[in-house]
Amino acid sequence: MTGRTPARFTADDYRARMERAVRAAGDAGLAGLLVAPGPDLVWLTGYAPPAATERLTLLLLTPDRDPVLVVPALEAPDAAAAAGAPALTLRDWTDGKDPYAATTALLDTGGRYGVSDNAWALHLLRLQKALPDSSYASLTEALPMLRAVKDAAELELMAAAGAAADATYEEIRKVPFAGRRESEVGADLAGLLRRFGHSQVDFTIVASGPNGANPHHEVGDRVIEHGDMVVLDFGGLKDGYGSDTSRTVHVGEPTDEERRVHDLVREAQEAGFRAVRPGVACQEVDRAARAVIADAGYGEYFIHRTGHGIGVTTHEPPYMIEGEEQPLVPGMCFSVEPGVYLPGRFGVRIEDIVTVTEDGGRRLNDTTRELVIVD
């Protein structure tokens, strides 16, 4: 991710997010949060420094002081221009100086801090060396729900990303499949996502025939043939928020078994969606979808979780999986994507992004879930 998120988020929005993060850290028994460049920093401040920088950049969120963003001096002008900059204090450092000394002076010598998952080991080890009595926990471990509940503006962006993915599917149905390589159709998908406003394409899975039995096949050199079932799974970021949808199409008329399996997955997807409502544990969504497939005798061929959260990244907590007892909360967004994968033969997956409402769920993808015939 590069650049800044859309201007619809104000300094007050970012201030509220940082205050919420500090409260959540305290509730989790943490002395504060250390946020490195990546999706957490963008979500909290609107600032996305150069992805390849090796210089220490770190947001310090603690209850005893205003937010502080430690940045290299040469990148301070960009940080100061971020939408969330008025809600924090910038502390820059110049090459040749010790950024860790300036950072650790603001921290509790024996504190336990949450650290964003993608922080460089180099930086964390230097902080540990300077503060040997400190300890650390990953944000996914300590605060898995930090970004999970979206506000109204975020939901608007999520819906727009979903609509762009839907428009992509409607167009890809019109292109030739038979006689073309999976990689060619994947390139079409990427181009369409960008055409409909995506700045970043994270994945374009085109899994034809026996390749469809591999859920993460992506694209290859296999030539798509008449009679193939083809799993399409694609998404990325539009205006800083994610899309992710799957549909399965067939080249020419399907067999009775192929139709039966597709109808089964569609029924399972509908059952997972209908299980969504506030207060229900995430695992219940997985159970609802999985039961349909298991009852039909295909349980061993549903080999992944039913869903994952999505927001400023395309995969994040919460996860719709057995054992996840986190209750659903209005504003959460996640995929519902059961599948059946028959080794050496074909696969089927149907996926929508769903957001939890006050009394149920709302799909952010609205294209047909029926089996579509393509050329």
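Both Phe 9 and Tyr 241 are buried, a term that means under 20% relative accessible area, with exposed over 50% and partly exposed in between (1.4 Å probe, protein chains only). The model is predicted: local features need pLDDT of at least 70, side-chain atom pairs count only at pLDDT 80 or more, and totals for chains, interfaces and linings use all residues. Residues are numbered from 1 along each chain as its sequence is written, and side-chain values use heavy atoms, leaving out hydrogens and water.

The structure holds four aromatic pairs (rings of Phe, Tyr and Trp, the last by its six-membered ring, with centres within 6.5 Å; planes under 30 degrees apart count as stacked, over 60 as edge-to-face and the rest as tilted). Phe 9 and Tyr 241 form a tilted pair, at 6.2 Å centre to centre and 50° between the planes. Phe 9 lies in the segment before helix 1 and Tyr 241 in strand 9 (residues 241-242), so the pair ties together parts that are 232 residues apart in sequence. Helices (H or I, at least four residues) and strands (E, at least two) are DSSP runs, numbered from the N terminus. Ring pairs also link Tyr 14 with Phe 9 and Tyr 241 into a cluster.

A search of the whole structure finds two cavities of 30 Å³ or more. On a 1 Å grid over the protein atoms alone, a cavity is a set of points where a 1.4 Å probe fits but cannot get out, and lining residues have an atom within 4 Å of a point. Volume is the space filled by probe spheres set on the points, which are joined across faces, edges and corners.

| Cavity | Volume | Lining includes |
|---|---|---|
| Largest | about 40 Å³ | Leu 34, Trp 120, His 123 |

Helix 5 (residues 121-130) provides the largest share of the lining of the largest cavity, three residues.

Methods. 1 Å grid on protein atoms, 1.4 Å probe; cavity = no way out; pocket = protein on both sides within 12 Å on 5 of 7 lines; lining within 4 Å.
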